[in-house]
Amino acid sequence: MGLRVVVVAETFRPAVNGVVNSVLHAVDHLAVRGHVPIVVAPSGESYQSECGAEVQVVTVPSMRLPMYRMLSLARPGGDLAGVLAGLAPDVVHLASPAVLGAAAGRAARALGIPTVAVFQTDLAAFARRYRVPGGAAAAWRVLRSVHATADLTLAPSSSTAALLRRHGIGPVASWARGVDLVQFAPGRRDAWLRRQLAPNGELLVGVVARLAVEKRLELLAGVSRLPGVRLVLVGDGPCRGRLAQALPEAVLLGERTGDALARIVASLDLLVHPGADETFCQAVQEALAAGVPAVVAASGGPLDLVRHGENGWLWAGSDPEVLAAMVAGLRDDRLALRAAAARARSSVEDRTWARIGDQLISHYGSVLGSAPSVAPLRSA
């Protein structure tokens with residue numbers, strides 16, 4: 001018999017971000033496996049998942065942050081005991097818990113419902129970069145309190161798991177992110193699109209990210225000025241206007257999803273991601289699946305994805321001139337670039353959402369004390 005799983009999402013549709021993407025994939029896989037997922041979130045509507053199952057979305061009172069007007073967040077101080085009692089889940093899944101996740105964790109603990117918390121957003125790094133009062137130390141105190149309500153915390157990468165343990169959060173287990181190998185594939189490469197973006201045959205370098213402070217995209221200024229290189233930014237966010245001024249030579253394509261995003265990614269020669277606070281970095285994994293090598297900051301989640309000199313390169317430190325020099329070197333050494341591209345897809349081919357989804361169900365089993373029944377995969 002299938003499990004009733006309440007997935008508490010700190011953000012949800014229509015927002016587009018890594019948390020929402022992971023929740024959608026997890027929910028769909030639960031439905032495929034014969035379980036009953038229910039989403040509790042500050043926004044969104046009930047919908048039909050990719051496999052045809054009806055997914056109930058229960059919304060809670062929300063607000064919008066001044067710097068993120070497009071993002072709905074739960075109002076602080078909410079009590080979810082009544083909501084959870086009414087939904088009667090077998091297990092509660094806290095997706096990147098903060099305000100809403102804290103309320104859900106307290107309610108689940110009071111009701112005796114097993115709970116799994118998925119750590120995805122480094123709130124301590126956000127607090128430091130956005131100069132939140134109390135800084136990273138206060139953020140870690142809050143995170144310890146939130147995750148203490150869960151029976152198990154899942155970390156997306158080995159570096160994140162180590163970080164959580166250092167700050168007194170546990171028990172911790174690993175749960176990475178899957179990648180859609182059909183959507184992100186070398187066959188999506190589009191010659192016409194490449195001619196539009198790099199009409200003179202430039203090295204096409206891209207970044208796919210939310211245009212926000214923590215992504216450190218201003219460090220790409222030197223890359224954008226390199227002769228024979230065309231830089232494209234895919235994404236939107238509060239820093240778009242500032243980045244348009246700081247990177248006048250770059251092409252800002254805005255937010256893209258689905259097939260449009262897949263074609264852009266596969267058409268790149270190189271992905272560059274300067275963010276240093278990534279707990280996983282799905283954009284890097286999707287680029288690798290599309291046969292595109294990556295240059296990433298040598299910290300956080302990308303360390304599990306990029307092997308220096310094999311499927312990409314690690315940029316140590318934070319010197320933008322060093323980053324620009326690395327890209328210039330690859331512009332001039334197309335043989336090394338092609339060799340890394342040839343190895344990119346195979347480095348992530350075992351990271352399917354089906355495999356990752358089954359790992360998640362196994363983690364539910366660990367907090368329930370028994371392995372949940374697993375139905376055969378059914379097609380959409």
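Student: Which residue stands opposite Leu 270 in E14?
Tutor: Val 205 does. This is a predicted model, in which local features need pLDDT of at least 70, side-chain atom pairs count only at pLDDT 80 or more, and totals for chains, interfaces and linings use all residues. Residues are numbered from 1 along each chain as its sequence is written, and side-chain values use heavy atoms, without hydrogens and water.

Student: What makes strand E11 and strand E14 a pair?
Tutor: Two strands pair if DSSP finds at least two bridges between them. E11 (residues 203-208) and E14 (residues 270-273) have two bridges, in the parallel sense. Strands here are DSSP runs of E, at least two residues; helices are runs of H or I, at least four; both are numbered from the N terminus.

Student: Why is the pair Phe 119 and Trp 140 called stacked?
Tutor: Rings of Phe, Tyr and Trp (its six-membered ring) pair if their centres lie within 6.5 Å; planes under 30 degrees apart are stacked, over 60 edge-to-face, the rest tilted. These centres are 6.5 Å apart and the planes lie at 5°, so the pair is stacked.

Student: Why is the pair Phe 12 and Tyr 47 tilted?
Tutor: Their planes stand at 40°, with centres 6.3 Å apart, so the pair is tilted.

Student: Why does Trp 140 count as buried?
Tutor: Buried means under 20% relative accessible area, exposed over 50%, partly exposed in between (1.4 Å probe, protein chains only). Trp 140 has 6% relative accessibility, so it counts as buried. Phe 119, at 2%, is buried too.
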